Structure formats: structure tokens, C-alpha cells
Amino acid sequence: MTQQLQNMTDKQCNNAPASYTDLSVLMLNCTLTRSPSLSHTEGLLKVAEGIFQANGVAVEILRPVDFEIPAGLAQDYSGVDGYYRDDWPKIQAKIDACDILIIGTSVWLGEKSSVCNRVLERMYGYTHNFNDKGQYRDYGKVGATLITGNEDGVKHCAMNILFSLSHIGYTVPPQADAGWMGEAGPGPSYMDAGSGGPENDFTNRNTTFLVWNCLHLARMIKDAGGIPAHGNQPDAWDAGCKSDFASPEHRR
């Protein structure tokens, strides 16, 4: 962490409006690079991790590429469709346990990584299940994204990732994306010497805003007991309780 960011973090932490020590964050680093090799995306994730940890928040960074994750929408492919093993259920359990999910990805050909696509697809395979309020299972969770690369594409990738999270039930705070892009074309990546990435004020500012907005929103949702369960329960709708929906057949 740069001294500039450290100073900013210290100032914020000394004036935090609430306690966040009961919150947990899972960061899925959708790099194409297996551990323990260098991941530029992880370099940016660790900036956010430092701010979370300074506020007593539990953080785990995980690289899905280190695991065996078959393609598809089923919940578990172990012994199915010729797959011997499926590690996704273990990752999904970590997703279910966290309050805040941050998806990190590199940019390739202007798009999020293939690993990121697979993560979102496997998450989507669980969306037909409900939480204990009868809402879709991811209601009450907060989602955001951090992106790196040396070509343009942060906003394009963030647009897709944040929509995907919102669509399956996540709540997306303001300024829920941040990233770093080097010069267009071949050049240094975020963690390379002389890249300017870790010192970039715009990236550091947006990353800090992202972290705090995630914390504020997760705090509000947790304190409220989640998203209110009224007018958003699929089983209730299917049973005929179509809250506030004006049906032409019932007009008089």
C-alpha cells in the first residue's frame, strides 16, 4: 500500500461511523494465472483488502483458476457429464457465507476473463433456490468489482459484472467499480515496476470509495435484517399473491 493510500486509510478508519467487525468479504480473483504466480488483479484487490482489514473486516481472496470448475449451470458436476470432480460447491459455500462479494478480473480482448464468465455462470446455477425469507437466495448480499489490464475495458466489464450480480439478487452500492488500465497496447501491467498503477490517485480514490460504500450498504442491510420480504417472494407470486399488480381480469 502506498503511503498516500495508507494516510487516507488511517484518516478514514479513525473516523468510522460504525463498527464493521461482524462483516466478511470474499474476493474472487478471476485471473487466468494460478497461485502462487504474480496476479496483477490481486495487487489491486489487496489495496481494497487493506482498507477492509483496517476496519476489522474478515477478508478472503480466492483464485477460482486454482480449482476444478466445470462449465455449466448445475450445482454439482461431480460424477456427472464425464466430470470426475467439481470444486464449485466449496466456493459457493464461501459465497453464501460472506456479506460482501467482490469479483476481480483482468481484461482480455475488451472482455472480462473466461474464468470470470464461468464464475458468474456457476453462481447463476444456484439462483432458483430461496433464502429463509422466501426471496431469491442472494438478496441481502452486497456486490462490487475491481478490474485491471493494459487495454481499455474497465467500464464495459464492470457494466456486465454488476448487472449480473444485481440480476441474481445482489445489492450494488454507488461507485461499485474501480480499476486500473495502463496505456493502450503492450506495456507494463499494474504490479510491474514503473507502471504507476499502485500510485494512481484516481484508482486509489475509486477503490477506497468502493470499499466504504460496500461497508455502509452491508451495515445498513445487516442492521435491517436483510431486504424486506414483501412483494418479492416467487412462491407467494406463484400462489396468487400478486402484490399491487393490477390485473385486467379483476377490474370493475
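This is a predicted model: local features need pLDDT of at least 70, side-chain atom pairs count only at pLDDT 80 or more; totals for chains, interfaces and linings use all residues.

Q: What about Cys98?
A: Cys98 is in no disulfide either, as the nearest cysteine sulfur belongs to Cys214 and is 11 Å away. Cys98 is buried too, at a relative accessible area of 4%.

Q: What does Ser24 touch?
A: Leaving out residues up to four places away in sequence, Ser24 touches Val57, Ala58, Ala97, Cys98, Asp99 and Ile100. Ser24 is in strand E1. Its C-alpha atom is 9.6 Å from that of Ala218, a residue 194 places away along the chain.

Q: Switching to charges. How many salt bridges are there?
A: Ten. One of them pairs Asp87 with Arg85, with the closest N and O atoms 2.7 Å apart.

Q: Are those two buried or exposed?
A: Asp87 is buried, with a relative accessible area of 4%. Arg85 is partly exposed, at 43%.

Q: What does Asp86 pair with?
A: Asp86 forms a salt bridge with Arg122, at 2.7 Å from N to O. That pair links distant parts of the chain, 36 residues apart: Asp86 is in the loop between strand E2 (58-62) and helix H3 (88-97), and Arg122 is in helix H4 (residues 114-124). Both Asp86 and Arg122 are buried.

Q: And Lys222, what does its side chain meet?
A: The side chain of Lys222 meets that of Asp99 in a salt bridge, 3.3 Å from N to O. Lys222 is in helix H6 (residues 201-223) and Asp99 is in the loop between H3 and strand E3 (100-108), so the pair ties together parts 123 residues apart in sequence. Lys222 is partly exposed at 36% relative accessible area, while Asp99 is buried at 17%.

Q: Which residues are linked in a network of salt bridges?
A: Asp22, Arg219 and Asp223.

Q: OK, packing. Which residues touch the most other members of the largest nonpolar core?
A: Phe52, Ile100, Ile102 and Leu215, out of 30 residues in that core. At least two residues come from each of strand E1 (24-29), helix H2 (40-54), E3, strand E5 (142-149), strand E6 (177-181) and H6. H6 supplies the largest share, eight residues. As a general point, nonpolar side chains tend to be buried together in soluble globular proteins.

Q: What does Leu215 touch?
A: Setting aside residues up to four places away in sequence, Leu215 touches Tyr20, Leu23, Phe52, Val57 and Ile100. There is also a second, separate core of 22 residues, including Leu28, Cys116, Leu120 and Ile161.

Q: Do E5 and E6 run parallel or antiparallel, and how many bridges join them?
A: E5 and E6 run parallel, and five bridges join them. In one of these, Thr145 has Asp177 in E6 as its bridge partner.

Q: Where does the chain cross between the two strands?
A: From E5 the chain passes through helix H5 (residues 154-167) to E6, and this β-α-β crossover is right-handed.

Q: Last topic, backbone geometry. Which residues does a cis peptide bond join?
A: Ser35 and Pro36, with omega at about 5°. Pro36 is in the loop between E1 and H2. For background, most peptide bonds are trans and most residues other than glycine have a negative phi.

Q: What is phi of Asp81?
A: Near 55°, a positive value in a residue other than glycine. Asp81 sits in the loop between E2 and H3. Asp81 is exposed, with a relative accessible area of 63%.

Q: And what is phi of Gln175?
A: Gln175 has a positive phi of about 45° and is not a glycine. Gln175 is in the loop between H5 and E6. At 30% relative accessibility, Gln175 counts as partly exposed.

How values were computed:
Residues are numbered from 1 along each chain as its sequence is written. Side-chain values use heavy atoms; hydrogens and water are left out. A salt bridge is a side-chain nitrogen of Lys or Arg within 4 Å of a carboxyl oxygen of Asp or Glu. Buried means under 20% relative accessible area, exposed over 50%, partly exposed in between (1.4 Å probe, protein chains only). Helices (H or I, at least four residues) and strands (E, at least two) are DSSP runs, numbered from the N terminus. A nonpolar core is a set of buried Ala, Val, Leu, Ile, Met, Phe, Trp, Tyr and Cys residues joined through side-chain atoms within 4.5 Å. Contact means heavy atoms within 4.5 Å. Two strands pair if DSSP finds at least two bridges between them. A crossover is right-handed if, with the strands pointing away from the viewer, the path from the first strand over the helix to the second runs clockwise. A disulfide is a pair of cysteine sulfur atoms within 2.5 Å.
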